[in-house]
Amino acid sequence: MASESSMANVNGRETTSLNGEPVVKRPREGVPQEHPLRTPKEPQNKVTVVLGAQWGDEGKGKVVDLLAMDADIVCRCQGGNNAGHTVVVDSVEYDFHLLPSGVLNKKATSFIGNGVVIHLPGLFEEAEKNLRKGKGLQGWEERLKISDRAHIVFNFHQAVDGIQEQQRQQQEGKNLGTTKKGIGPAYSSKAARNGLRVCDLVSDFKVFEEKFRMLAEHFRTMYPNLNVDIDSELQQLKEYTERLRPLVTDGVYFMHKALTGPSKKILVEGANAALLDIDFGTYPFVTSSNCTVGGVCTGLGVPPSYVGRVYGVVKAYTTRVGVGAFPTEQDNETGNLLQSRGREFGVTTGRRRRCGWLDLILVRYAHMVNGFSAIALTKLDILDTLPEIKVAVAYKVNGQPLPSFPANMDVLTQVKVEYETLPGWCCSTETARSFEELPVQAQNYIRFIEDFLQVPGL
């Protein structure tokens, strides 16, 4: 243990130097004494985050498009082309799966972060498809940046996804309802540490090819029925490499410069939603990434102190694609009405969405995880024709109230929902452009949601 005479200046106390001589205090060069480094520095720029608060399909793309109009940078932080955002600009409907919705803003830089898994054919096909629709995407390659640390989804990942779903159906009689876009297998490769990243592809292609063949063989060993055309896919990837190279950047350094440089408005759009999060969602019927606020930090390399306002997008009712527990589902005329009026079909899969009443227990749980600064309520007009509207306000199992949202899906399938019934407004709200223009009953519906969640509307 060091003696006092061997200690230097500790916690501001004068001590002796290592050789026993008095310590000579010298001011640090270039550091004003009235502003020591230990004083916390307030972030120059903070990111604004838009997240889904239910099972997805809440209309995040529309909210992002609105906020992206004056953004400088719009980021994707997780997921892949399993997510779908529809944005209508100048009467043209654009469908985005990998590209950030903000790519339509020609003054903004779009950034695909390291937490996203990228299927390169899907990325370029998506761009070309939307280019044919209108002028909104012109020049997209000049304003898109992709993190060099992002993992790549290969065609065999997608094939494996389909095989796994088929096996689940045969073994258990039910599948997870994945999009078969290869997202789960790609994240599995990432976690198994045999995945390949964008930086690998744009570096030495011979080294990449060797690793690619090993990875493909790994999956072929696991799935003997897997049909993989290794040479064809390698040729395709080689062709994409030259188009990809100018887009690739050091994502950590890119975000650091954006956060600490001149004033910028930085927007992050979440894909999927809170109840599909790999940790906090209705597991196992979830996606393979963190689509809650923590995914912003890990998926972009953003320190937590740089996360600013977090907006939760809440649909005025609840929908879900695929299988899994759904306490407020209305498998009846009400559900059919919501489905038809809301045109509830998946952007990525085209599957019919299941519909039900707004579940505030579920949304409150999403708020616990994400800490929403405000909520953006969407598709309120779908409820315009209903004389009464129900809202879930409590869960019970075996007659006992549940204090929190259950982790176990067997429990969630058993819950009895307690509803609050509110009067409808039975008139159109489609032309309303402010809260004050809404019918009183619609205003009361929104206030009820705000009061229950203790979160203001956006």
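Modeller: Helices, of at least four residues, and strands, of at least two, are DSSP runs numbered from the N terminus. Please note that the model is predicted.

Biologist: How many helices and strands does the chain have?

Modeller: The chain has 13 helices and 18 strands. Of its 458 residues, 49% count as buried. Among the contacts between residues at least 6 apart in sequence, 75% join residues at least 24 apart.

Biologist: Let us return to Asp57. What is the phi of Asp57?

Modeller: Asp57 has a positive phi of about 65°, although this residue is not a glycine. Asn272 is likewise not a glycine, and its phi is positive, at about 60°.

Biologist: Where is Asn272 found? Is Asn272 buried or exposed?

Modeller: Asn272 is found in the loop between S10 and H9. To judge burial, one needs a cut-off: buried means under 20% relative accessible area, and partly exposed lies between that and 50%. Asn272 has a relative accessible area of 10% and is therefore buried. Asp57, at 24%, is partly exposed.

Biologist: Which residues does a cis peptide bond join?

Modeller: A cis peptide bond joins Tyr283 and Pro284, with omega about 10°. Pro284 is found in the loop between strand S10 (266-269) and helix H9 (294-300).

Biologist: By what are two packed helices described?

Modeller: Two packed helices are described by the angle between their axes and by the distance between the axes. Take helix H2 (residues 120-131) and helix H7 (residues 230-244): their axes come within 10 Å and cross at roughly 60°. H2 is therefore oblique to H7, and their crossing is left-handed.

Biologist: Which residues of H2 and H7 make the contact?

Modeller: From H2 come Leu120, Pro121, Phe124 and Glu128, and from H7 come Gln236, Leu237, Tyr240, Arg243 and Leu244. By class, the residues of this contact of H2 with H7 divide into six nonpolar, one polar and two charged.

Biologist: At what angle do helix H6 and H7 pack?

Modeller: Helix H6 (residues 205-222) and H7 pack at an angle of about 140°, with their axes 11 Å apart. This makes H6 oblique to H7, because only angles over 145 degrees count as roughly antiparallel. H6 passes H7 in a right-handed crossing. In H6, Phe205, Phe208, Glu209, Phe212, Arg213, Ala216 and Arg220 meet Ile230, Asp231, Glu233, Leu234, Leu237, Lys238 and Thr241 in H7. The contact of H6 with H7 has seven nonpolar, one polar and six charged residues.

Biologist: How far apart are the axes of H11 and H13?

Modeller: The axes of helix H11 (residues 360-370) and helix H13 (residues 440-453) are 10 Å apart, and the helices pack at an angle of about 50°. H11 and H13 are therefore oblique to each other, and their crossing is right-handed. Leu360, Ile361, Val363, Arg364 and His367 of H11 meet Phe448, Ile449, Phe452 and Leu453 of H13. This contact of H11 with H13 has seven nonpolar, one polar and one charged residues.

Biologist: Finally, how many disulfides does the structure hold?

Modeller: The structure holds zero disulfides. A pair of cysteine sulfur atoms must lie within 2.5 Å to count as one. For Cys426, the nearest cysteine sulfur is that of Cys427, 7.7 Å away, and Cys426 is in no disulfide. Another cysteine, Cys355, is buried, with a relative accessible area of 4%.

How values were computed:
Residues are numbered from 1 along each chain as its sequence is written. This is a predicted model: local features need pLDDT of at least 70, side-chain atom pairs count only at pLDDT 80 or more; totals for chains, interfaces and linings use all residues. Side-chain values use heavy atoms; hydrogens and water are left out. Axes are lines fitted to C-alpha atoms, for helices over the stretch in contact, and angles run from 0 to 180 degrees between N-to-C directions. Angles under 35 degrees count as roughly parallel, over 145 as roughly antiparallel, 65 to 115 as roughly perpendicular and the rest as oblique. A crossing is left-handed if the near helix is turned anticlockwise from the far one by less than a right angle, and right-handed if clockwise. Contact means heavy atoms within 4.5 Å. Ala, Val, Leu, Ile, Met, Phe, Trp, Tyr, Cys and Pro count as nonpolar, Asp, Glu, Lys and Arg as charged, and the others, Gly among them, as polar. Buried means under 20% relative accessible area, exposed over 50%, partly exposed in between (1.4 Å probe, protein chains only).
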